[in-house]
Amino acid sequence: MAIVLTGIKPTGQPHIGNYVGAMKPAVASSRDASATPYFFIADYHAIGGDADAVAHSTLEITASWLAVGLDPNRVMLYRQSDIPEIPELTWILHCMTAKGLMNRAHAYKAAVAENEATPGRDPDQAVMMNLYSYPILMAADILMFKADKVPVGRDQKQHVEMARDIAQRFNHHFGETFVLPEAVIGDNIATLPGLDGRKMSKSYSNVVPLFAGEKQLRKLLMKIKTNSLEPGQPKDPNDSALYEIYRAFATDAETAAVRTRYAEGIAWGEMKQLLFERINTELAPARAEYERLMAHPREIEDVLQQGAAKARAVSRPFLAEIRDRIGIRPLAR
Ligand code: TRP
């Protein structure tokens, strides 16, 4: 029974690309998982920018996952900062992490490389310690709950490998304690094109927010880039962002029907309307639930508190064991 653990950083609002690529499959697999999966809001990883944005995004992200059907009775759903064992373990792991290992982290190296490319800049300019030791906090997230599998994007693979290295060093020094985690890279994860045809991503500002209101959803979908083929001219579905997005939402039969419409020369305006209707049908119930939850933050807070209590029932005794291993012990029983 492999333990699967996923952290979601609270930055911004999820978009429809996150929904089809990560949220929908994660919710589906959480329903038939043999072991209880762990999902947590990684708010300690988001410190340093705008404080209200962290708080608001935590609310939006939790509400979104609940609204799309993540069932807190089937998964461990918690906020990282509600688990004080995590920062304590982070320090303990610092003591077993080679500085040289952190020097090799891609994110830190990229920041240094950018500084070095700018004449007169110190290589570590504006590099904060949380960027430098980010992988150690992430290792604590993972090792605390003995995760076997960690589904992440390709950019996070190195961090999971570092968690493994740190765990190995600890186990070697103090005896078998941590489970060695493995990254699961979703190479088959659907990535959606954005409004401009490039990959949908916050950094390109080309996203369709998952819970945009109906009007805004339609408005955004109408902006999706198409070519200049006229109504009646046959169109190639394999070269169409509209088709790609449609396919990610639709059944095989619906998709086949749309391919026929392309061959018959469907007008782009009509295809956009079809896409809007298909997405809206799927998202409308979840959107209503999202809006309801956003209006009742108390309910979300309660879910997170209950999740924290369940997670701490695991982390508290394990940390006690870890403390004993490293020699932090009561002097008398
Ligand atoms: N660093 C991850 C990201 O930026 C989020 C994250 C934090 C995470 N802790 C984790 C993911 C532990 C998996 C496991 O996306």
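## Close-up views of a predicted model

View 1. Tyrosine 78 has a relative accessibility of 0%, so it counts as buried (buried means under 20% relative accessible area, exposed over 50%, partly exposed in between, with a 1.4 Å probe and protein chains only). This is a predicted model, where local features need pLDDT of at least 70 and side-chain atom pairs count only at pLDDT 80 or more, while totals for chains, interfaces and linings use all residues. Residues are numbered from 1 along each chain as its sequence is written, and side-chain values use heavy atoms, with hydrogens and water left out. Phenylalanine 40 is buried too, at 3% relative accessibility. Rings of Phe, Tyr and Trp (its six-membered ring) pair if their centres lie within 6.5 Å; planes under 30 degrees apart count as stacked, over 60 as edge-to-face and the rest as tilted. By this rule there are 13 aromatic pairs. One of them joins phenylalanine 40 and tyrosine 78: the ring centres are 5.5 Å apart and the planes lie at 10°, so the pair is stacked. It links distant parts of the chain, with phenylalanine 40 in strand β2 (residues 38-41) and tyrosine 78 in strand β3 (residues 76-79), 38 residues apart. Helices (H or I, at least four residues) and strands (E, at least two) are DSSP runs, numbered from the N terminus. Phe40 and Tyr78 also belong to one aromatic cluster with Tyr38 and Phe145.

**View 2. Phenylalanine 178 and phenylalanine 318.** Phenylalanine 178 has a relative accessible area of 3% and is buried. Phenylalanine 318 counts as buried as well, with 3% relative accessibility. Phenylalanine 178 and phenylalanine 318 form an edge-to-face aromatic pair, 5.7 Å centre to centre with 85° between the planes. Phenylalanine 178 sits in the loop between α8 and β5 (182-185) and phenylalanine 318 in helix α13, so the pair ties together parts that are 140 residues apart in sequence.

**View 3. Helices α12 and α13.** Two packed helices are described by the angle between their axes and the distance between the axes. Helix α12 (residues 268-294) packs with helix α13 (residues 297-326) at an angle of about 90°, and their axes are 6 Å apart. Axes are lines fitted to C-alpha atoms, for helices over the stretch in contact, and angles run from 0 to 180 degrees between N-to-C directions. Therefore α12 and α13 are roughly perpendicular to each other (65 to 115 degrees; under 35 counts as roughly parallel, over 145 as roughly antiparallel and the rest as oblique). Arg292, Leu293 and Met294 in α12 meet Pro297, Glu299 and Ile300 in α13. The residues of this contact divide into 4 nonpolar, no polar and 2 charged. Contact means heavy atoms within 4.5 Å. Ala, Val, Leu, Ile, Met, Phe, Trp, Tyr, Cys and Pro count as nonpolar, Asp, Glu, Lys and Arg as charged, and the others, Gly among them, as polar.

**View 4. The buried side of helix α3.** Helix α3 spans residues 85-94, and Glu85, Ile86, Leu89, Thr90, Ile92 and Leu93 are buried in it. They cover an arc of only 165° around the axis, which puts them on the same side of α3. The arc is that of the directions from the helix axis to the C-beta atoms. The buried residues of α3 pack against α7 (134-144), α8 (157-174) and α13.

**View 5. Threonine 58 and its contacts.** Threonine 58 lies in helix α2 (residues 51-67). With 6% relative accessibility, threonine 58 counts as buried. Its neighbours within four places in sequence left aside, threonine 58 is in contact with Pro10, Ile41, Asp43 and Arg79.

View 6. Most residues other than glycine have a negative phi. Lysine 146 is not a glycine, yet its phi is positive, about 50°. Lysine 146 lies in the loop between α7 and β4 (149-152). At 33% relative accessibility, lysine 146 is partly exposed. Serine 205, also not a glycine, has a positive phi of about 50°. Its place is the loop between β5 and α9 (214-222). Serine 205 counts as exposed, at 66% relative accessibility.

**View 7. Alanine 113 and proline 123.** Alanine 113 belongs to helix α5 (residues 106-116). Its relative accessible area is 42%, so alanine 113 is partly exposed. The C-alpha atoms of alanine 113 and proline 123 are separated by 7.4 Å; along the chain the two are 10 residues apart.

**View 8. The whole chain, for orientation.** The secondary structure comes to 13 helices and 5 strands. The C-alpha trace spans about 85 × 55 × 35 Å along its principal axes. Of the 333 residues in the chain, 45% are buried. Among contacts with a separation of 6 or more, 77% are between residues 24 or more positions apart.
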